[in-house]
Amino acid sequence: MPPTPSFWNRAGNLALITVTACGSALVPTTPAQAASHAPAHPLAALTPTPTPSPSATPSPSPTPSPSSEPSGEPESVDTLAAVAAAPITRSQMIARAKTWNPGTSKRVPYSQTKTRGGYRTDCSGYVSMALGLGKPGPITVGLAKSTYTRPIRIADLRRGDLLIDAIGSNTTRHVVIFDRWADAGRTSYWAYEQRGGYGTDYRKRSYGLSSGSEYKPYRALNIREDAPVPPPTITRAQVIARAKSWNPATAQRVPYSQTKTRGGYRTDGSGYVSMALGLGKPGPITVDLVKSAYTRPIAMSQLLQGDLVIDPVGGNTARMVVIFDRWADAKRTSYWAYQQRAGYGTDHRVVTHGLRAGTQFRAYRPVRIR
């Protein structure tokens, strides 16, 4: 005999109680509630819900192997979202670059997949760390975008600027941190880099200097100039005494070099003057010596012992600075000056810089001289 309607009503109520008990709490139901939840057809309550088929598990992407030098990064890594990076000074950036022990046995090995302190240990990860950008760091292509940098000229390169090849493949793209020029002709420079097959390094490079090079110079948007170190007060006699300590115009004079130092000061023209004035080591460059932090303009007729005559214009092979000593004749057509000159070294001789019409030389007085 087929089940009666009352049987199906009781079965429906029992099914509702069972389903409610599998939820978060057992809630008593009234007959009216039970009726409202009763299935439209008696057998519907007994039909199981179909189980969805499991989706296929995606195959993992192959792990990229470290590229050979110069460097690169995985093609699949997307550029990080634009995040405003905290300002950082040039000296702070270089200090951070040095924390990976470049060129030593403790250098950080190169890898496109590993990290150190949250940053990838490839070339762009290293630069991102030095600049304090978001971890794990944008890839090389991203570093060249306006989110992080702006293009500059090769002639404008300063410590902490970047040279980037963002054009090639992931095995040729690369980025290095410019430190300083390696020679007077600017045919190479010292740079920090994280290079394939080696790791963190500090060596001479020439990326971007040849015609048609894919390397271009850039300046990070968050980089800031270091605050000038206030020079100590110094007397004119002390300036001259310090200038004489490099044995000008003698066999013991200090040879000229833009890369070597003596007592912490560069042995070029501006380094010599910085030493004589007792400025911070290794000394500001000639262009910076004319800034208000170090000097103020004066007339040539106001020159006193220890003042400076500076040509801050043009390339680094044309710029020059000398220390005024005394007039060489009553008509003031020439004067004795101390200088560190290319091809010779420390000298004391008669010059006419700044005295002829159209000259780029101007007279300046150190702000701390007394």
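On a 1 Å grid over the protein atoms alone, a pocket is an open set of points where a 1.4 Å probe fits, with protein on both sides within 12 Å along at least five of seven lines, and its lining residues have an atom within 4 Å of a point. In this predicted model, the largest pocket is lined by 49 residues, of which R266, G283, P284, I285 and D288 lie nearest its centre. The model is predicted, so local features need pLDDT of at least 70 and side-chain atom pairs count only at pLDDT 80 or more, while totals for chains, interfaces and linings use all residues. Residues are numbered from 1 along each chain as its sequence is written, and side-chain values use heavy atoms, with hydrogens and water left out.

**The largest pocket**

- The space in the largest pocket comes to about 1,700 Å³, a volume being the space filled by probe spheres set on grid points that are joined across faces, edges and corners.
- Domain 1 (88-224) and domain 2 (236-366) both contribute residues to the lining, so the largest pocket lies between them; the domain bounds come from an automatic or database domain assignment.
- Elements that give two or more residues to this lining are α3 (90-98), β6 (174-181), α7 (269-277), α8 (286-289), β15 (320-327) and β16 (335-341), where helices (H or I, at least four residues) and strands (E, at least two) are DSSP runs numbered from the N terminus.
- With four residues, β6 gives the most to the lining of the largest pocket.
- By residue class, the lining holds 18 nonpolar, 13 polar and 18 charged residues, with Ala, Val, Leu, Ile, Met, Phe, Trp, Tyr, Cys and Pro counted as nonpolar, Asp, Glu, Lys and Arg as charged, and the others, Gly among them, as polar.

**Helix packing**

- The axes of α3 and α4 (residues 123-131) come within 7 Å and cross at roughly 135°, the axes being lines fitted to C-alpha atoms over the stretch in contact and the angles running from 0 to 180 degrees between N-to-C directions.
- That makes α3 oblique to α4, since angles under 35 degrees count as roughly parallel, over 145 as roughly antiparallel, 65 to 115 as roughly perpendicular and the rest as oblique.
- Helix α6 (residues 236-244) packs with α7 at an angle of about 130°, their axes 7 Å apart, and α6 and α7 are therefore oblique to each other.

**Backbone features**

- Most residues other than glycine have a negative phi, and most peptide bonds are trans.
- The peptide bond from K135 to P136 is cis, with omega near 0°, and P136 lies in the loop between α4 and α5 (140-143).
- Another cis peptide bond joins K281 and P282, with omega about 0°, and P282 is in the loop between α7 and α8.
- N101, although not a glycine, has a positive phi of about 50°.
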